Amino acid sequence: MIRKLKMNLRLRTRSDKDQVIFAPGKPEKPTANIFTMVIVPRPALPHAVVLIAVKPLRDAKTRLAPALSAEQRAQLTLAMLTDVLEAARGAAWTRAIAVVTEDPQVQALAQAYGAVALDEPEGAGGLNAALRSADGWARERFPAALRIALHGDLPALRPMELQQALRAARGRSRAYVADHDGSGTTALIADAATELAPAFGPGSSARHAASGAFAIADQLPGLRQDVDAPQDLRKAGELGLGLATKALLAGSELV
Ligand SMILES: Nc1nc2c(ncn2[C@@H]2O[C@H](COP(=O)(O)OP(=O)(O)OP(=O)(O)O)[C@@H](O)[C@H]2O)c(=O)[nH]1
Ligand SMILES: C=C(OP(=O)(O)O)C(=O)O
């Protein structure tokens, strides 16, 4: 009897595509205790798919050109993305991470951290088209999940901040986190029933508010601190850099 139940459980877990447990590098397997599953049915926990768009490294971080060479900007982009992937993996509700990019080095880094690398969509739609495409992928693959679009240049992001933003968005169809100076957006969240409808770019905070998204007001310094200009690196350094960015910038006068 028990053997039969175990077999049924295994089959059910494998056939339900929205039950994938996020475990980078490890095969999927049911984590629930068989007796818990049978005797105490639990409601599904909220879960989120993290979407990160990254443009080709050769074009990245142009506003840092006064302070860093093209090669240094590419290395910094990879280091900051590493720290964002680490933070995203550490947030309790993260079910999957997808990085949308055409850059092979970025794709390889994403996959090394257990994320899915999605191809850049056809056409020259830029960041918002890339995120719309990733959102379509996520909604099809994880129909009950929240999605959170997140910048890849948040080197002081903590897993708890990501988790807090997701909690703050509960009960809202869409919500966003404004950047540190209030004009831009560092994260945009949509619930399972709602398209992400990203409107990133200069002044995106006002656009996201005008589109009806809820402005998350929580103190989230690491989540708000994106790196656009050289002085942003110092501010992120004061908050505490993730390990990869910290190692890359050790000894640099920029932090
Ligand atoms: N996949 C994809 N990601 C993009 C695109 N444009 C921008 N991004 C990403 O969106 C985020 C914010 O982009 P930007 O601020 O425009 O670019 P940046 O490289 O961070 O900085 P600047 O070159 O100084 O503007 C970064 O993570 C970018 O890599 C795009 O066309 N496709
Ligand atoms: C794309 C955005 O950010 P930034 O250009 O500052 O990275 C934004 O705030 O919408």
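In this predicted model, a contact means that heavy atoms lie within 4.5 Å.

Q: What share of the contacts between residues at least 6 apart in sequence joins residues at least 24 apart?
A: Of those contacts in the protein, 67% join residues at least 24 apart in sequence.

Q: What makes a residue of this protein count as buried, and how many of the 255 residues do so?
A: A residue is called buried because its relative accessible area is under 20%. By that cut-off, 46% of the 255 residues count as buried.

Q: How do you know that Thr62 makes a polar contact with ligand 1?
A: A polar contact requires a pair of N or O atoms within 3.5 Å. An N or O atom in the side chain of Thr62 is 2.6 Å from an oxygen atom of ligand 1, so the pair meets the cut-off.

Q: Why is the pair formed by Glu120 and ligand 1 also called a polar contact?
A: A polar side-chain atom of Glu120 lies 2.7 Å from a nitrogen atom of ligand 1, and the limit is 3.5 Å; therefore the pair qualifies.

Q: Which part of Lys55 lies 2.9 Å from an oxygen atom of ligand 1?
A: The atom concerned is a backbone N or O atom of Lys55.

Q: How much of the accessible area that ligand 1 has on its own does the protein cover?
A: The protein covers 83% of the 610 Å².

Q: What makes up the shell around ligand 1 by class?
A: The shell has six nonpolar, four polar and six charged residues. Helix H5 (residues 126-141) gives the most to this shell, with three residues.

Terms used
Residues are numbered from 1 along each chain as its sequence is written. Chains are lettered from A and ligands numbered from 1 in the order in which they are written. This is a predicted model: local features need pLDDT of at least 70, side-chain atom pairs count only at pLDDT 80 or more; totals for chains, interfaces and linings use all residues. Side-chain values use heavy atoms; hydrogens and water are left out. Buried means under 20% relative accessible area, exposed over 50%, partly exposed in between (1.4 Å probe, protein chains only). A polar contact is a pair of N or O atoms within 3.5 Å; within protein, one must be able to donate a hydrogen and the other to accept it, and residues adjacent in sequence count only if both atoms are side-chain atoms. Accessible areas come from the Shrake-Rupley method with a 1.4 Å probe; for residues, only the protein chains shown count as cover. Helices (H or I, at least four residues) and strands (E, at least two) are DSSP runs, numbered from the N terminus. Ala, Val, Leu, Ile, Met, Phe, Trp, Tyr, Cys and Pro count as nonpolar, Asp, Glu, Lys and Arg as charged, and the others, Gly among them, as polar.
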